[in-house]
Amino acid sequence: MKVLLLKDPKDKDSGPDPYVKELGLCGLEATLIPVLSFEFLSLESLFEKLSHPECYGGLVFTSPRALEAIKICLKEKSKNEAWSKSLKQRWNTKPAYVVGKATASLVEEIGLIPQGEKAGNAEKLAEYICSREKPNSSTLLFPCGALKREVLPTVLREKGVPLESLTVYQTAQHPDLQESLSRYFSQQGIPASIAFFSPSGVKFCLQHIQKLSGDFINHIKFAAIGPTTADALEAAGMPVSCTAPSPTPQDLAAGICKALPLQNC
C-alpha cells in the first residue's frame, strides 16, 4: 500500500527520512512531496536580539524553520564566533522551550538544551511554559513564522507571561508542488493514505488532490500530524482518519497503520 507524505524530505546527509523508514516497517511504501518553500526575514534583527540574552528570560521555538533562521545567521564567521565564545553559554542559563522532537534536535545542534519537547503542540507547550514562568517575569523571545497561530501568545498573555514575537520566515507554496502531485498520481495511482503536516499544506494541496483523485477521494485515509492540521482538514470538509497524538514518525505511522486494513501492523 502506498502513502503520500506532504512534507520536505529530511536532510539527505542525516540518512533516510524517519517517516518513510517508520512506515516502511509497517510494509507501507511512502513517498515525500515537498509542499512549502520558505523565505527568511529579519535575520540581522534576530541576531541583534540573540546578542542580548540579558534582555530576555528564555527562548520559545514552535517551528524547525525558526532554528534554520538562527543557523543561517551562524554561517557568518563573526556571528558564529560570538555565539560560540559567550552567547551560547549565556543563553544556556535560560530555558529554550520547544514544541517537539524535531525542533528539540535543532536546538541541540546550536548548542542549547531544549525543554518541553514532549508537549507536541502549541497549546500544551503554552501550558508547560506557564507552569514554569511567573507572571511578569522576564520576556521570552519567540522567533516565528508569518503564519503563526495565536494560541501560544494568547495563553501566555492571559497568564501574564511576557512574550516578544519576531517574524523570521514566511511560507509560500513550493514552486514544483502541482507538477509533483500530478506526476505522483499519474505514475503511482491513488494512495491508500495521505498525511498532511501543516495547515498550509492543506491550503496548498487539497484542491489539487481532489481534482487528481476524482471519485476515488473517498477511498483515501487522510492523516494529520497534529490537531491544528486535523482542524484545517475538517474545516475544508475532509474526514480525518487519524491524528498523531504527538508529531513523531512512530505516532503517525501507528495511526496510519490502524486506519488501514493491514495484516502486519
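Q: Why is serine 42 counted as partly exposed?
A: In this predicted model, serine 42 has 38% relative accessibility.

Q: What makes the phi of serine 42 worth a look?
A: Phi of serine 42 is near 55 degrees, a positive value in a residue other than glycine. Most residues other than glycine have a negative phi. Asparagine 136 also has a positive phi, of about 60 degrees, and is not a glycine either.

Q: Why is asparagine 136 called exposed?
A: The relative accessible area of asparagine 136 is 70%. Exposed means over 50%, so asparagine 136 is exposed. You will find asparagine 136 in the loop between α6 and β7 (140-145).

Q: How do you know whether asparagine 121 is buried or exposed?
A: Asparagine 121 has 12% relative accessibility, and buried means under 20%, so asparagine 121 counts as buried. Asparagine 121 lies in the loop between β6 (114-115) and α6 (122-132). Leaving aside residues up to four places away in sequence, asparagine 121 touches Val99 and Pro227.

Q: What makes the pair of asparagine 121 and glutamate 123 a polar contact?
A: A polar atom of the asparagine 121 side chain lies 3.2 Å from the backbone nitrogen of glutamate 123. The cut-off for a pair of N or O atoms is within 3.5 Å, and 3.2 Å meets that distance.

Q: Is leucine 43 buried or partly exposed, and what is the value behind that?
A: Leucine 43 has 21% relative accessibility. Buried would need under 20%, so leucine 43 counts as partly exposed. Leucine 43 is in helix α2 (residues 43-50) and touches Ala69, Ile72 and Cys73, not counting residues up to four places away in sequence.

Q: Why are α1 and α11 called oblique to each other?
A: Helix α1 (residues 18-25) and helix α11 (residues 249-259) pack at an angle of about 40 degrees, with axes 9 Å apart. Roughly parallel needs an angle under 35 degrees, and roughly perpendicular runs from 65 to 115; α1 and α11 are therefore oblique. Their crossing is right-handed.

Q: Which residues of α1 and α11 meet?
A: Pro18, Tyr19, Glu22 and Leu23 in α1 meet Pro249, Gln250, Leu252, Ala253 and Ile256 in α11.

Conventions
Residues are numbered from 1 along each chain as its sequence is written. This is a predicted model: local features need pLDDT of at least 70, side-chain atom pairs count only at pLDDT 80 or more; totals for chains, interfaces and linings use all residues. Side-chain values use heavy atoms; hydrogens and water are left out. Helices (H or I, at least four residues) and strands (E, at least two) are DSSP runs, numbered from the N terminus. Buried means under 20% relative accessible area, exposed over 50%, partly exposed in between (1.4 Å probe, protein chains only). Contact means heavy atoms within 4.5 Å. A polar contact is a pair of N or O atoms within 3.5 Å; within protein, one must be able to donate a hydrogen and the other to accept it, and residues adjacent in sequence count only if both atoms are side-chain atoms. Axes are lines fitted to C-alpha atoms, for helices over the stretch in contact, and angles run from 0 to 180 degrees between N-to-C directions. Angles under 35 degrees count as roughly parallel, over 145 as roughly antiparallel, 65 to 115 as roughly perpendicular and the rest as oblique. A crossing is left-handed if the near helix is turned anticlockwise from the far one by less than a right angle, and right-handed if clockwise.
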